[in-house]
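Hi,

Here is the structure I promised to pass on. Have a look at it first, and then read my notes below.

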Amino acid sequence: MTNRPVTGRNEVVTLMKTLDRNSAPLAGIRVVEVGLMHAGPIATGMLGALGAEVIKVEGPASGDPGRKLEKTYAQDGRLLEDRSAMFETYNSGKKSLSLDLKQPEGLRLFYKLISKADVFLHNMRAETALKLGFDFESLLPHNPKIVYGTVSGFGPVGPDRSRPG
């Protein structure tokens, strides 16, 4: 590999494919994601592409709504039921876990997972994170060294902070 700047998307993809999983920049980093649709899953997908172990936590009822979006077809033309090309792309290489964070047992298992994580990222509204127990203050007792990230279409302050998206 040469020591020159990477200039285009194809070069980034090629570089990421050539990384040895054990020597990748984020090898040994564990990321827990509670993310839906686009922003959260894309962000943690990038971390995974750089070698992090990403564990996606989904609700038990239906999981990430992105699972049911676009139709996906196999190479032979068959429609693959309950598969979304978008979901598969954003979540490639991730481990997935179904937990009901509204139940004490689900929250207990989630906190156990957080205690062994390096990074937590979500893209829920601040009110939802607080209600379900994964706001920053709720996670600190379980892992004081956790790197906490949140992605929002409207930011944490201002008149639109509670809008979804």
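Which residues of helix α2 (residues 39-49) are buried? They are G40, P41, T44 and G48, where buried means under 20% relative accessible area, exposed is over 50% and partly exposed is in between (1.4 Å probe, protein chains only). These four cover an arc of only 90 degrees around the axis, which puts them on the same side of α2; the arc is that of the directions from the helix axis to the C-beta atoms. The cover over the buried residues of α2 includes β1 (30-34), β2 (53-58), α3 (85-90) and β6. After α2 comes G51, with a positive phi near 110 degrees.

Before you go further, a word on the source: this is a predicted model, in which local features need pLDDT of at least 70 and side-chain atom pairs count only at pLDDT 80 or more, while totals for chains, interfaces and linings use all residues. Residues are numbered from 1 along each chain as its sequence is written, and side-chain values use heavy atoms, with hydrogens and water left out.

Now the overall picture. The protein has six helices and seven strands, and from the N terminus on they run α-β-α-β-β-β-α-β-α-β-α-α-β. Helices (H or I, at least four residues) and strands (E, at least two) are DSSP runs, numbered from the N terminus. Of the 165 residues in the protein, 31% are buried. If you take the contacts with a separation of 6 or more, 61% are between residues 24 or more positions apart; contact here means heavy atoms within 4.5 Å.

Next, the aromatic rings. There are six aromatic pairs in the structure. Rings of Phe, Tyr and Trp (its six-membered ring) pair if their centres lie within 6.5 Å, and planes under 30 degrees apart count as stacked, over 60 as edge-to-face and the rest as tilted. F110 and Y111 make a tilted pair, at 6.0 Å centre to centre with 50 degrees between the planes. F110 also pairs edge-to-face with F120, at 5.8 Å centre to centre and 80 degrees between the planes. F110 lies in helix α4 (residues 104-115) and F120 in strand β6, so this pair ties together parts that are 10 residues apart in sequence. F110 counts as buried because its relative accessibility is 0%, and F120 is buried at 0% too. One aromatic cluster is formed by F110, Y111, F120, F134, F136 and Y148.

Strand β6 (residues 119-122) also holds H122, which counts as buried at 2% relative accessibility. What does the side chain of H122 reach at 3.0 Å? It is the backbone nitrogen of M124. The side chains of H122 and T150 are joined by a polar contact of 3.4 Å, that is, a pair of N or O atoms within 3.5 Å; within protein, one must be able to donate a hydrogen and the other to accept it, and residues adjacent in sequence count only if both atoms are side-chain atoms. Leaving aside residues up to four places away in sequence, H122 touches V34, A129, F134, Y148, G149, T150 and V151.

Last one: E58 sits in strand β2 and counts as buried, at 7% relative accessibility. A polar contact of 2.8 Å links its side chain with that of S96.

Cheers
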